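Please walk me through this fold. Start in the sheet, then move to the helices, and stop at a few single residues on the way.

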Amino acid sequence: MLVGPPGTGKSMLAQRFAGLLPPMTPDEALEAAAVSSLTAGGFQPSVWGRRPFRAPHHTASAAAMVGGGGNPRPGEISLAHHGVLFLDELPEFERRVLEVLREPLETGRITIARATAHADFPARFQFIAAMNPCPCGYLGHPSRPCRCTPDQIRRYQSRVSGPLLDRIDLQLELPAQSHEEMLDGPVGEASAAVRLRVIAARERQMARQGKPNGDLGGREIDAACPLDDAAQALLRGAMHKLAWSARAYFRVLKVARTIADLDGADTLAIRHVAEAIQYRRALRSG
């Protein structure tokens, strides 16, 4: 989840994200094509092997997000299978629309039950959300004052429920840049170079456990995520101090495993755990 004032590049970063992902395997491409073929427009051969990018408007209904109809068809979350689902202006979505994301974020599937039909669709996607920190958008801005009261900020941020936030692994603040940083700042790393590192990290995961880190569960996490003593002490302390749920603890552990894979390390060191912890930051309330 990307949190920051207007104009900080939240939407641009989300739109670039699909290009950083590893190439689709033949099985992934076939699954995405099969889901797309169930829509009214059918599958377009020109997009074969291209990871989906879905960005529904915040006025989308729960049915549009999940799917449905007398003969159930997939919604946005299934059409994003093996790709990216991007929700801009997250708090502007209806609460019940956001809550339907909880099941697929946990299981990678969505079940639609109707009186005359029952359908189960795949929904394993990279979820990216963007939001302003407050209704006016300028909480924490270095030069533009925020006009919101603490109560308005609290009510705005609380539109995103705790259970949904608990399922979002990376919660990042994008601060506003100064004119000097925008005009004279260093050139960033090219997307192609980042993608090569992502592909190398994915290959390490597949060689080690036969699946991405995000799909690990139970004892697989313990086997794939060995911690040195300092890293284990830091993680335990953070869990106690920040009152994490068991879900949050294991999600942070898997993020740290991915950071270590990008670093080419077999054992999770304190630097990997510390980075994973700081990515799970709460929204500011004022």
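This is a predicted model. Begin with strand β8, residues 126–131. Five of its six residues are buried, so β8 is largely enclosed by the rest of the structure.

What surrounds this strand in the sheet? β8 belongs to an open sheet of five strands, in the order β2-β5-β8-β1-β9. The pairing in this sheet is parallel. β2 (53–54) and β9 (172–173) stand at the edges. Each edge strand has a single partner, so one side of each is left without a neighbour in the sheet.

Now take the pairings of β8 in turn. On one side is β5, residues 84–87. β5 and β8 pair in the parallel sense, over four bridges.

H82 sits in the loop between α4 (76–79) and β5. Its phi is positive, about 65°, although H82 is not a glycine. Is H82 buried or exposed? With a relative accessible area of 13%, H82 falls under the 20% cut-off, so H82 is buried. E89 lies in the loop between β5 and α5 (95–99). E89 also has a positive phi, about 55°, and is not a glycine. Its relative accessibility is 27%, so E89 counts as partly exposed.

A separate pairing involves β6 and β7. Strand β6 covers residues 109–113 and strand β7 covers residues 118–122. They run antiparallel and are joined by five bridges. The two strands form a hairpin, with four residues between them. R109 stands opposite P122 in β7.

Turn next to the helices. Two packed helices are described by the angle between their axes and the distance between the axes. Helix α14, residues 270–279, meets helix α12, residues 229–242. How are these two helices oriented to each other? Their axes come within 8 Å and cross at roughly 20°. That angle is under 35 degrees, so α12 and α14 are roughly parallel to each other. Their crossing is right-handed. From α12, the contact uses A230, A231, L234, L235, A238 and L242. From α14, it uses I270, V273, A274 and I277. By class, the residues of this contact are ten nonpolar, no polar and no charged.

Helix α13, residues 246–263, also packs against α14. These axes come within 8 Å too, but cross at roughly 125°. The pair α13 and α14 is therefore oblique. This crossing is right-handed. On the α13 side, the contact residues are V252, V255, A256, I259, A260 and D263. On the α14 side, they are R271, H272, V273, E275, A276, I277 and Y279. This contact has nine nonpolar, one polar and three charged residues.

L227 lies in the loop between α11 (219–224) and α12. Which residues does L227 touch, leaving out those up to four places away in sequence? The list is Q232, L235, L253, T267, L268 and V273. Along the chain, L227 and V273 are 46 residues apart, and their C-alpha atoms are separated by 8.9 Å.

A248 is found in helix α13. Its relative accessibility is 0%, so A248 counts as buried. A248 touches D166 and R280, not counting residues up to four places away in sequence. R95 is 153 residues from A248 along the chain, and the C-alpha atoms of the two are separated by 22 Å.

Notes. Residues are numbered from 1 along each chain as its sequence is written. This is a predicted model: local features need pLDDT of at least 70, side-chain atom pairs count only at pLDDT 80 or more; totals for chains, interfaces and linings use all residues. Side-chain values use heavy atoms; hydrogens and water are left out. Axes are lines fitted to C-alpha atoms, for helices over the stretch in contact, and angles run from 0 to 180 degrees between N-to-C directions. Angles under 35 degrees count as roughly parallel, over 145 as roughly antiparallel, 65 to 115 as roughly perpendicular and the rest as oblique. A crossing is left-handed if the near helix is turned anticlockwise from the far one by less than a right angle, and right-handed if clockwise. Contact means heavy atoms within 4.5 Å. Ala, Val, Leu, Ile, Met, Phe, Trp, Tyr, Cys and Pro count as nonpolar, Asp, Glu, Lys and Arg as charged, and the others, Gly among them, as polar. Buried means under 20% relative accessible area, exposed over 50%, partly exposed in between (1.4 Å probe, protein chains only). Two strands pair if DSSP finds at least two bridges between them.
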